[in-house]
Every structure is written in structure tokens, then in C-alpha cells.
Amino acid sequence: MNMVQREDLDDEIIRLLTQDSRLSYREIAKELDISHVSVSSRIKAMEEQGRIAGYTAVVNPDALSQYPLCIRISAESGGDLSEIGDKVADHEEISVVLRVSGECELLALAMCTDKEHAIRLLDEVAAIPGIDKAESHVVLETIKLGGFKLK
């Protein structure tokens with residue numbers, strides 16, 4: 001198998017796992033018309049390369065009565081954005097941290113239990129050294145999350 005075919009195969013495996021991370025190697029193999037041994041070796045290689053970083057379930061925050069919160073973060077002049085982002089990501093309830101261009105430099109998405117929890121989290125994030133400003137945006141409706149439409 002040449003490299004182009006291998007990359008295409010990897011992309012197809014990732015597409016299937018993104019749709020349903022519970023698929024077995026045999027189910028993926030059947031869908032792609034290859035052996036389950038090939039699927040297993042390709043997935044193991046992609047995990048070792050860091051192309052697949054983990055597996056997770058997508059939960060509906062409305063069904064779990066969660067309080068989603070977006071946080072826009074700006075660093076102080078000279079602040080190390082990667083280091084700040086790493087500290088923000090250490091909070092268990094924060095599921096996404098992105099370094100972005102524009103007015104703010106980091107975006108985070110958190111799933112809080114209620115408004116008070118969201119306020120405490122925002123205060124904790126704002127207190128991280130190197131952060132100039134952290135402002136919250138309450139999520140009014142979750143339409144799509146983790147690649148899945150929820151409504």
C-alpha cells in the first residue's frame with residue numbers, strides 16, 4: 001500500500017471513529033472492506049503518532065442540566081499563551097481550550113453545574129498569572145457539540 005492510500009485509509013478510519021468511537025475494529029474493517037488486523041495496526045500507529053489523542057463520549061449539556069460557559073481570555077503583554085492555555089486546561093470542567101487570533105487570544109469551553117459554579121470557575125481562571133482579562137459568555141443553546149447536532 002503506498003503512502004497516499006495509507007493516508008486515505010487513515011482518514012476514513014478517523015472519520016468513522018469520529019462518528020462513533022465505540023465501533024469495533026471488525027465493524028470498521030467491514031465498512032472499509034479491509035481486515036480487522038489492518039484496522040488495528042493503523043489505529044495503533046495513529047495513536048503512537050498522536051493523530052488520535054483519545055476517545056470520548058459527546059454528552060448533551062441540556063439533558064444533563066449542565067451550564068455551558070464560553071470564556072474569552074486575553075494575556076498580559078508578554079504573557080506566554082501556551083503556558084496560560086495549559087493552566088486553563090488543567091481545570092477539570094474545561095473541555096476545550098483554543099489559541100486563536102483576534103481580540104482575545106484564548107477561547108475555552110466549560111461545562112459547569114450551575115451559575116455559581118460558573119462564577120467560581122471564571123474567578124479561578126481570571127486569577128491565573130499572565131491573564132489580563134477573562135470574560136464569560138453564557139451559552140444560550142447548544143446546537144452542535146463534538147461533531148453531533150444535539151437539536
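## Salt bridges

Eight salt bridges are counted in this predicted model, a salt bridge being a side-chain nitrogen of Lys or Arg within 4 Å of a carboxyl oxygen of Asp or Glu. Residues are numbered from 1 along each chain as its sequence is written. Local features need pLDDT of at least 70, side-chain atom pairs need pLDDT 80 or more, totals for chains, interfaces and linings use all residues, and side-chain values use heavy atoms, without hydrogens and water.

## Arginine 72 and its partners

Glutamate 103 pairs with arginine 72, with the closest N and O atoms 3.6 Å apart. Glutamate 103 sits in the loop between strand 2 (94-99) and strand 3 (106-112), and arginine 72 in strand 1 (residues 67-75), so the bridge ties together parts 31 residues apart in sequence. Strands here are DSSP runs of E, at least two residues long, numbered from the N terminus.

Arginine 72 also forms a salt bridge with glutamate 135, at 3.0 Å from N to O. Glutamate 135 belongs to strand 4 (residues 131-138), so this pair links parts 63 residues apart in sequence. Glutamate 103 is exposed at 67% relative accessibility; arginine 72 is partly exposed at 25%. Buried means under 20% relative accessible area, exposed over 50%, and partly exposed in between (1.4 Å probe, protein chains only).

Glutamate 83 and lysine 87 meet in a salt bridge of 3.5 Å, N to O. Both lie in helix 4 (residues 81-89), four residues apart, so about one helical turn separates them. Helices are DSSP runs of H or I with at least four residues.
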